[in-house]
Amino acid sequence: MTQEIRHIICDVKGVKIGEGSPIVIQSMCNTPTDDVAATVAQCKELYRAGSQLIRITTPGLRDVSSLAEIKRILRSEGIDTPLVADVHFNADVALAAAAGVADKVRINPGNFSKDPQVADAKFRELIAICKEHGTALRIGLNHGSLGERITSLYGDTPAGMVKAVMEWLSVCVEEGFENVVVSLKASNTKVMADAYRLLYITMAEELGMIFPLHLGVTEAGNGDSGRIKSAVGIGTLLSDGIGNTIRVSLTENPVKELPVARLLADLAEREEFDLNCETWEEFIVKASYKFAGPLLDNKADDISLIDATIGGKPLTPQQTDYFRDELMQACRRKFTKPEYIACPSCGRTHYDIETVLAKIKEATKEFAGVKIAVMGCIVNGPGEMADADFGYVGEGGGKITSYKGKEPVMRGIPQENAVEKLLELIKNS
């Protein structure tokens, strides 16, 4: 007899995430959390733009207090969008945020301690608090953030990502806690798609249940490239029927993420759609969604845009060639320019990452195929730029660290000299 698979619904204060519910779109503030006024203002912008969940960086206990005040102000003004605390390494921060402050907490339990037993104990303590306060959890594990125990057995691979997540999901099942969403993000769209597909199958086979999945291409960058790359990774999985909530991570004002996310969610609800579009953004998102799966899976080698229109006009040869090159690179099929891995920034970023990314793109445009990471801070930097050849990572205090691969090669570079130093590093390598 075939085992019946149960699809779990995560309830984030009335926002349902899971099979049978509409795809939930979300974004994240990039303001410092201790700047309560600025964060409240951005939350309002995101609310008006349609964000159904709003994530806020919460690295320390002081930020938990700020988050509580942000929530109080928003609720007093009638804005009840659930707030998600983004916690990374500090288990005590996660415990405090889950105790009636955040509506959902995003954590990677493996970061709680290098000792697996300590991490396990802290995670079970967190689950107990979430049960008590009705707080949801996202177990978020990104490519490059695996611990030594997992990488020694599986490498930094989709299989390793899935193994790590399954260990934590098994704890949730043991503790009878199901108010959970899972993510396995990567900046490499092929790694991302392979990881989510494998996780979906593994949950069904080993647990007999499918937990809701949060989709996103981490560090997608900005402009057309960021939109195309996000649409490739997210669209491929949505086309497979995988994914329940999405965030498009752009190195731009987070409000700009939401129209792209909404369009992707709408496309997932359609059986068919054409490429007669009103705007360039609509076209690149829809066309990326349409062609990504076959290209990413090596089932197609080219695309046809003969029927595509923008504002009633067919694409020009220049537009066609430009989009094809961007799509092929996003699908990891052909590299015609550098690959930029750039975080969307958050309250931990203490420099103007949009301006710096533009400068780096201009300075390095000749290095086709070279993967360059531009990261806001040390929290995500070394892990989430695992795919990069070179990295530019904020230290705080106006200082930057340059990376070659996973190794820091120069620390404490004054920001005004850091782009030049990165260029020298690339040229001399």
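In the predicted model described here, the side chains of Asp 321 and Arg 324 meet in a salt bridge, with an N to O distance of 3.7 Å. A salt bridge is defined as a side-chain nitrogen of Lys or Arg within 4 Å of a carboxyl oxygen of Asp or Glu. Asp 321 and Arg 324 are separated by about one helical turn, because they stand three residues apart in helix α11. Helices (H or I, at least four residues) and strands (E, at least two) are DSSP runs, numbered from the N terminus. Asp 321 is partly exposed, with a relative accessible area of 44%, and Arg 324 is likewise partly exposed, at 22% relative accessibility. In this classification, buried means under 20% relative accessible area, exposed over 50%, and partly exposed in between (1.4 Å probe, protein chains only). Elsewhere, salt bridges that share partners join Lys 190, Asp 194, Arg 197, Asp 240 and Asp 297 into one network.

Residues are numbered from 1 along each chain as its sequence is written. Because the model is predicted, local features need pLDDT of at least 70 and side-chain atom pairs count only at pLDDT 80 or more, while totals for chains, interfaces and linings use all residues; side-chain values use heavy atoms, with hydrogens and water left out.

The structure holds 29 salt bridges. One of them joins Arg 62 to Asp 34, with the closest N and O atoms 3.1 Å apart. This pair links distant parts of the chain, 28 residues apart: Arg 62 belongs to helix α2 (residues 61-76), and Asp 34 to the loop between β4 (24-28) and α1 (36-48). Arg 62 is exposed, at a relative accessible area of 60%, whereas Asp 34 is partly exposed, at 40%. Helix α2 also contains Ser 65, which counts as exposed at 51% relative accessibility. The C-alpha atoms of Ser 65 and Ala 96 are 9.2 Å apart in space, and the two residues are 31 residues apart in sequence.

A salt bridge between buried residues is formed by Glu 257 and Arg 247. The closest N and O atoms of Glu 257 and Arg 247 are 3.0 Å apart. Glu 257 lies in helix α9 (residues 257-268) and Arg 247 in the loop between β12 (245-246) and α9, so the bridge ties together parts that are ten residues apart in sequence. The relative accessible area is 1% for Glu 257 and 3% for Arg 247.

Aromatic contacts were examined next. A search of the whole structure finds five aromatic pairs. Rings of Phe, Tyr and Trp (its six-membered ring) pair if their centres lie within 6.5 Å; planes under 30 degrees apart count as stacked, over 60 as edge-to-face and the rest as tilted. Trp 280 and Tyr 322 form a tilted pair, because their planes meet at 35°, with the ring centres 6.1 Å apart. Trp 280 in helix α10 (residues 280-296) and Tyr 322 in helix α11 (residues 317-330) are 42 residues apart, and their pair links distant parts of the chain. Trp 280 is partly exposed, with a relative accessible area of 22%, as is Tyr 322, at 36%. Ring pairs link Trp 280 and Tyr 322 with Phe 283 and Phe 323 into a cluster. A charge also sits over a ring: Lys 290 lies over the face of Phe 273, at 5.8 Å from the ring centre. Such a contact requires NZ of Lys or CZ of Arg within 6 Å of the ring centre and within 35 degrees of the ring normal.

The structure holds four cavities of 30 Å³ or more. On a 1 Å grid over the protein atoms alone, a cavity is a set of points where a 1.4 Å probe fits but cannot get out, and lining residues have an atom within 4 Å of a point. The second largest cavity contains about 130 Å³ of space. Of the 13 residues that line the second largest cavity, Ser 225, Lys 229, Lys 337, Glu 339 and Tyr 340 are the closest to its centre. At least two lining residues are supplied by each of α8 (223-239), α11 and β16 (339-342), and α11 gives the largest share, three residues. Lys 229 is found in helix α8 and counts as buried, at 4% relative accessibility.

Conventions
On a 1 Å grid over the protein atoms alone, a cavity is a set of points where a 1.4 Å probe fits but cannot get out, and a pocket is an open set with protein on both sides within 12 Å along at least five of seven lines; lining residues have an atom within 4 Å of a point. Grid points are joined across faces, edges and corners, and a volume is the space filled by probe spheres set on the points.
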